[in-house]
Amino acid sequence: MKKYIYKIVMISSVFLVLGCDDGSDSVGKSQIDTSTPILNDLDIWLRNNFVSTYNIEVLYKWDINDTDIDRYLHPPYEASVQPVAEALQKAWIEPYTTLGGENFVKKIAPRQFTFVGSFNYNPNSPTITLGLAEAGAKITLFNIDFLDFTDINSIRQPLKTVQHEYGHILNQNVPIDINYGQINPENYTAQWFNRSDAQARELGYITAYASSQESEDFVEMISEMLTNSKEDFDALVESIDSDLAKSQIREKEAMVAEYYQTNFNIDIYELQALMNAATQELVN
Amino acid sequence: MKNIYKKYWLIGVVFMSFLSCNNDTETLFPDSPAERIQQSNSELLNLLLAEPNGYKGVYFPKNDEFGGFTFFMKFNADGTVEMTSDFDSDTAIQTSSYEVRYGTTTELVFTTRNHIQKVSNPNYPGLIGTGFKGTSVFQYFGNDNGIITLKDVRNVDSGSFVLTPSGLTNFTTESVIKAEASLAQRQNILPKASNSVFQVLKIEKGDQVFNFNFNYDAFRLYASPRVTLVDNDVISVEEFKFGIAFTEDGLIISPALEFDGEVYENFTYDADSSSYISTVNGSVAKILFDQAPAFLTDDVEAVGQPGHQVFGSYLSFGDSPLTSPGFNELIDTLNQNIVGLGSFAANWSYSGFEYYAQPDVDGNVNIYIGVFDGAGTTYYGGYSFNQTIENNKLYLQFNGSINGNGDFFFNALIPILQFFNSSNGLYFADQGSFSSDLYSYSNLSSTFTSADQPNLRVYGLWYN
């Protein structure tokens, strides 16, 4: 009899425990806000031309965490955004797509751009930062409100930044030939900013920043080649007095061309011509 | 023994089964964190959208360095905001985007550029790299009967942005007029040619009157009023610092001025007396141009002593705000008089003066006033004055000319001779090393202000 009592009590207890379910659904609706944000015409244009097409997000609406919180910066005018985005589309993405194939930029590209309207002044220094790249994933372009689309040199400024950073991203996918750094390693310096571009060229570096280290040297060559016409680039090199420096830069140029041809099957001089033509067309 | 275990086991199961039904969990908040964030965001967004004719915003970006600016903003449900401001003469309404989002707390973010970003423009001449240290991101701090208080995450103690319902009936037409009226107020605080140079903050409470030298920096919209208090023969200096934001009918100071138990914050402009007035509990604070400085130093005692013996003031030294608009008008008058001397003087003009301040045995000093002929020669009219120093003022009593040029130029130069010959004396103050828009010299500089005509002040430097 006692055994029955135990069994009844045990079964009752199990029911009591289970009976604590109050009947509410333990998993309610998601508390994450998944509603579509307000999209203006510019947002829709950017989604259609960058996000959907290339999986590249262009951020222009201010988020204090996108930039250095200690700097005094501000967002761009909305009217400044599309011209800069179009410049990237025409003079950077489309030439690569034409020569590298439809998926070239889709596969290898920074996934995010941030556009900042204001100049980015460096504290305690008479210099400004034109652009920043973070781990090949994000590029920040500053002072886009101050670009002059009647002046090709003004348009080239953000393009130089992008070509430079894109060179790094290409290098992350395909490393550069280690022999590149052996061409003239003797004058690489962390104090590169004490040199002018002209002084750096006489030492065999295409810009002062190129004389900072091998990897920067390589992408500065890419940047200068792809933001100048072949004639302008040749004129720049031929203006160098030192024959040695001239030959060193030509040797680097050949290695950059070889890098593009071997690894991506792209003739960099064709790319240069397409980009230069596109940049010329951007000038109002 | 076995039965005892069985009983314990049984009792334990029954006990747990009852406790397991206890659902009385204590909740601090009725809603989940995500819901409370959503509610806070909605609260601010609904407030912003509740005013069909927008808000008037007074923004002090950093009240320990700068003054502030007045904005008119109309927030729309499509995520756009229309805006004008008194930051500069470009008052046209611009449209940009805004968002209410959750960052460190509920934030109002002006996501694209508009008037508000003028305050954080690092390209602002004179404030390169920082601008007025403003922001585009404002934390929501509360709503008091429709008045929204926002703060800057970087300048949380010194920055504030307060939105008050605009009270406009037509935002588009009225906001720009208001912004321009506010900008015009910024001119009212500056001395005009007819104003005394002594800008003073005067506080009257009961029978007591306290005069502060206002010390206004028009570039930074910032004032550092200073008062000298005498208590039982002990002299102490009390200084305040605050930023100023102008509104269409006056100005607001931040931080508010707390003095002798009263707090002054809002000042209304009184055109009749060219002053800004704040009345609190019967006490009155006024920013005005007074006939005398708030406090007279004894700097004048050094005049005539080594280091204060030869003084020069020439137009070629450059401009300084320490030479008053009134004195510049006096120079214009001198030039008209000089040209009026005859056709030969068509290109002649006043060039400056030199003051030889070391008195002779009779107490006389000389002042030479230069007239440039436009071709390379400066003629000096020399005049003698009897010099005395009394009650911290300099008295120069005109004796007469001391050379032929002095006689020749006498009539043309009467206005400046009257300036020196002020019957109530001249207020004198040392001003540190010399600085103008053209030059900075290590020479000590000083100002002379006429007590008879306190709109006349001239700046120059000591040669020795």
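In chain A, take the contacts with a separation of 6 or more: 69% of them join residues 24 or more positions apart. Keep in mind that this is a predicted model.

So what does the chain look like overall? Chain A has 10 helices and four strands, and from the N terminus on they run α-α-β-α-α-β-β-β-α-α-α-α-α-α. Here are some overall numbers for the chain:

| Property of chain A | Value |
|---|---|
| Radius of gyration | 28 Å |
| Box filled by the C-alpha atoms, along the principal axes | roughly 110 × 45 × 45 Å |
| Buried share of the 284 residues | 33% |

For a compact globule of 284 residues, you'd expect a radius of gyration near 19 Å.

Chain A splits into domain 1 (38–147) and domain 2 (174–284). Their centres, taken over C-alpha atoms, are 24 Å apart. Where the two meet, eight residues of domain 1 are in contact with 10 residues of domain 2. On the domain 1 side, the touching residues are four nonpolar, two polar and two charged.

Now zoom in on helix α3 of chain A, which covers residues 78–100. Its 23 residues reach 32 Å from first C-alpha to last, close to the 33 Å expected at 1.5 Å a residue. Still, α3(A) bends by about 35° at Ile93(A), with Pro95(A) following within four residues. Both Ile93(A) and Pro95(A) are buried, and other buried residues of this helix include Val84(A), Leu88(A), Trp92(A) and Tyr96(A). An α-helix has 3.6 residues a turn, so residues three or four places apart point the same way. Just after α3(A) comes Gly101(A), with a positive phi of about 105°.

Key
Residues numbered from 1 in each chain as written. Chains lettered and ligands numbered in written order. Predicted model: local features only at pLDDT ≥ 70, side-chain atom pairs only at ≥ 80, totals over all residues. Helix = DSSP H or I, 4+ residues; strand = E, 2+ residues; numbered from the N terminus. Expected span 1.5 Å × (residues − 1). Bend = angle between axes of the 7 residues up to and from the residue. Buried ≥ 20, exposed ≤ 12 C-beta atoms within 10 Å, placed from the backbone. Domains from an automatic or database assignment. Contact = placed C-beta atoms within 7 Å. Nonpolar A, V, L, I, M, F, W, Y, C, P; charged D, E, K, R; others polar. Rg over C-alpha atoms; globule rule 2.2 N^0.38 Å.
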